[in-house]
Amino acid sequence: MTDKHLSSQFDNELAQLSSNLLAMGGLVEAQLRQALAALTNHSDEFAEAVLAGELRVNAMEVAIDDALTRIIARRQPAAVDLRLLLSIARVTGNLERAGDEAAKIARMVRAIVNSGMPTLPLSDLQLACDLAARLIAQALDAFARLDTIAAFATLKEDAAVDREFDGFVRKLITYMMEDPRAITPSLDLLFIAKAIERIGDHAKNIAECVIYVVKGADVRHRSLAETEAAISAAPEAGMGRP
Amino acid sequence: MNSLLAALLLLLAIAAGLWVIDRQRARRFLRWIADPTASAMPDLAGAWGLAAAYTRRALGREETRAAASAARLDTLLTALDALPDGILLLDREGRILFCNAAAAAHFGLDTKRDQGQHIAHLVRDPLFVTWFSWSGEPRPPLEMPGHPDASGQPVQLLVQRQAYGADCLLLLSADITAQRQTDAMRRDFVANVSHDIRTPLTVLAGFIETLQNLDLSAAEKARYLGLMAQQTRRMQALVGDLLTLSRLEGSPLPSQGERVDLNALTAHCAAEAFALSTRLYGPEAQHLRIETAVDFDFAGSASEIGSAMSNLLANAVRYAGAKGCITARWSRDGEGQARFEVTDNGPGIAAEHLPRLTERFYRLDKSRARFADDADSGTGLGLAITRHVVERHGGKLQIVSAPGQGSRFALLLASARVLARA
């Protein structure tokens with residue numbers, strides 16, 4: 001994002017697009033914070049705020065995709081520019097879906113609050129939700145700074161969210177065995193836990209995009225060790241700027 | 001003729017030689033002047049040597065001046081870094097030119113690496129982005145959540161924006177977390193005081209109306225008057241505690257000169273505790289063991305230390321319950337600090353309450369520790385007063401407790417105020 005092009009207009013377009021993407025990221029982060037607040041306070045007030053923000057996230061996704069299409073058609077970018085634009089498209093999609101998950105959490109919290117089963121371990125999910133929200137923030141920071149080290153840290157920490165999810169499912173099962181009346185709200189909680197786990201995965205996808213932009217290496221579906229090797233390697237020949 | 005030619009040739013040869021030497025000097029001089037450093041100056045004779053010497057002198061002056069202004073800039077940047085408030089200098093586009101340490105902590109930035117980054121790329125909170133990109137005037141300061149501090153606690157920021165120079169921007173951020181907490185505490189305090197004063201007043205008003213309107217028997221009248229007396233005692237205790245608190249806040253620190261006889265004071269507080277225990281649970285129901293023999297004295301305010309000790313004992317009596325077992329004693333640790341420790345075997349306190357226990361009107365549980373006579377329930381200010389007193393005496397209040405394991409409250413008092421008994 002910092003290299004100069006012959007056409008500074010192109011530079012401006014790329015910078016503007018990145019700004020819009022990160023603004024959308026900020027919106028999704030706020031959505032996650034509010035979903036977390038809804039979870040923490042058992043409040044449908046915060047839940048309503050998340051549902052209202054959902055529309056803005058969707059609108060931004062469409063606007064960014066539109067700008068992206070126009071830039072690709074007009075500039076026919078290559079090398080790092082092409083990777084950047086492809087990654088912006090992927091990050092946008094992942095952010096939108098993370099926003100969807102936040103809305104899902106908000107809807108479930110509303111349902112649980114209305115059903116009035118306060119004894120369920122709603123608070124256990126706070127930790128995981130907080131962790132997932134921080135992963136998204138970390139991945140977006142890495143994207144803004146094109147920082148592969150922070151991106152790799154995000155990949156590693158996603159495993160912690162997955163562990164939280166497994167532990168929570170085991171715990172829910174004990175609640176459902178204890179009291180069959182808890183099954184319906186427990187299923188809602190399970191969906192919340194799943195949504196949180198998915199948010200962690202979206203953060204991971206964004207982090208993989210950062211590595212792709214900087215190193216030109218596609219590290220999706222690769223082990224952590226392979227990813228680390230790809231990060232420490234120089235950018236692949238032929239993938240750099242001609 | 002021939003000799004003339006020879007002389008001419010010789011002159012020519014000498015001139016050519018001089019010319020070559022001069023060319024060489026010029027070349028060396030030019031080579032040096034392309035990247036002049038004082039130490040690498042060529043040793044040249046003649047005009048070129050003079051030129052080099054002058055250049056070197058000018059160069060030296062310039063270098064000294066540059067070093068001085070670099071030092072000034074360094075001092076200035078160090079000073080900016082030491083500021084408690086955050087300072088961000090941004091260019092016209094909003095890219096970071098400079099960021100001091102406080103701003104980096106407030107926004108989660110890196111002072112070195114994030115130079116040249118657009119501020120809105122890293123501070124993505126929609127509140128901030130909207131506020132920052134809004135071009136209208138006037139622009140009120142923005143209150144927003146900042147990057148959590150080192151211990152992960154949330155931080156509240158007040159951010160201001162100021163244009164400077166040729167379309168550069170200055171962002172100032174101040175941490176107002178403590179201020180907001182104080183505001184919230186003050187609001188709670190006023191609400192609690194009003195509530196705690198209104199409740200006995202409502203009860204009193206009800207009884208007074210009854211007494212005025214109904215023709216009651218003497219026994220009933222006596223009962224009602226007794227209840228009214230209870231309520232007035234409760235209000236008296238509350239107002240007394242409030243006055244104590246405000247006096248503690250406003251008055252100068254207790255003098256070092258006043259010698260407190262800890263033996264007598266402890267005996268007095270113990271007697272109070274026994275009386276309270278008997279009133280609440282009947283005689284001998286609770287097991288109280290208070291060691292009143294103390295082999296040192298203390299410099300400070302007797303009334304303040306006395307009220308701190310009474311508060312701890314009264315709390316233990318109230319919360320330990322009818323079969324409670326309470327021990328209290330003074331001791332001195334290895335560093336000479338005095339320590340008054342009250343231990344009970346009550347229900348204990350959950351970890352989340354511990355840090356807030358000394359807040360005014362903070363109660364563990366609205367239903368617990370309420371007694372028939374409301375005046376015995378405590379005002380909710382006891383530990384706040386205790387903490388104030390201890391801190392005024394250069395000590396601290398230590399609380400150790402866990403649910404089901406009883407509690408241990410300890411007054412730790414600075415060794416400087418402990419007086420050995422003659």
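This is a predicted model: local features need pLDDT of at least 70, side-chain atom pairs count only at pLDDT 80 or more; totals for chains, interfaces and linings use all residues.
**Figure 1**

**Figure 2. Strand β1 of chain B and its pairing with β5.**
Strand β5 of chain B covers residues 168-175. β1(B) and β5(B) pair in the antiparallel sense. Their pairing runs over 5 bridges.

**Figure 3. The hairpin of β1 and β2 in chain B.**
Strand β2 of chain B takes in residues 96-99. How many bridges link β1(B) to β2(B)? There are 3, and the pairing is antiparallel. L90(B) takes part here too: its bridge partner in β2(B) is I96(B).

**Figure 4. An open sheet of 3 strands in chain B.**
The strand order is β6-β8-β13, and the pairing is antiparallel. Strands of a sheet pair through backbone hydrogen bonds. β6(B), residues 259-260, and β13(B), residues 418-420, stand at the edges. Each has a single partner strand, so one side of each is left without a neighbour in the sheet.

**Figure 5. The pairing of β8 with β13 in chain B.**
Strand β8 of chain B runs over residues 296-299. It is joined to β13(B) by 3 bridges, and the two strands run antiparallel. Which residue of β13(B) is the bridge partner of F298(B)? That partner is V418(B).

**Figure 6. The contact between chain A and chain B.**
Chain B brings 11 residues to the contact, and chain A brings 13. On the chain B side, α4 (119-122) and α5 (126-133) each supply at least two residues. α4(B) gives the most, with 3 residues. By type, the residues on the chain B side divide into 4 nonpolar, 3 polar and 4 charged.

**Figure 7. Chain A, with helices and 0 strands.**
The secondary structure of chain A comes to 7 helices. Along the sequence, the pattern reads α-α-α-α-α-α-α. Chain A has 242 residues, and 42% of them are buried. Consider its contacts with a separation of 6 or more: 77% join residues 24 or more positions apart.

Note on methods. Residues are numbered from 1 along each chain as its sequence is written. Chains are lettered from A and ligands numbered from 1 in the order in which they are written. Two residues are in contact if their C-beta atoms, placed from the backbone, lie within 7 Å. Helices (H or I, at least four residues) and strands (E, at least two) are DSSP runs, numbered from the N terminus. Ala, Val, Leu, Ile, Met, Phe, Trp, Tyr, Cys and Pro count as nonpolar, Asp, Glu, Lys and Arg as charged, and the others, Gly among them, as polar. Two strands pair if DSSP finds at least two bridges between them. A residue is buried if 20 or more other C-beta atoms lie within 10 Å of its own, exposed if 12 or fewer, and partly exposed in between; C-beta atoms are placed from the backbone.
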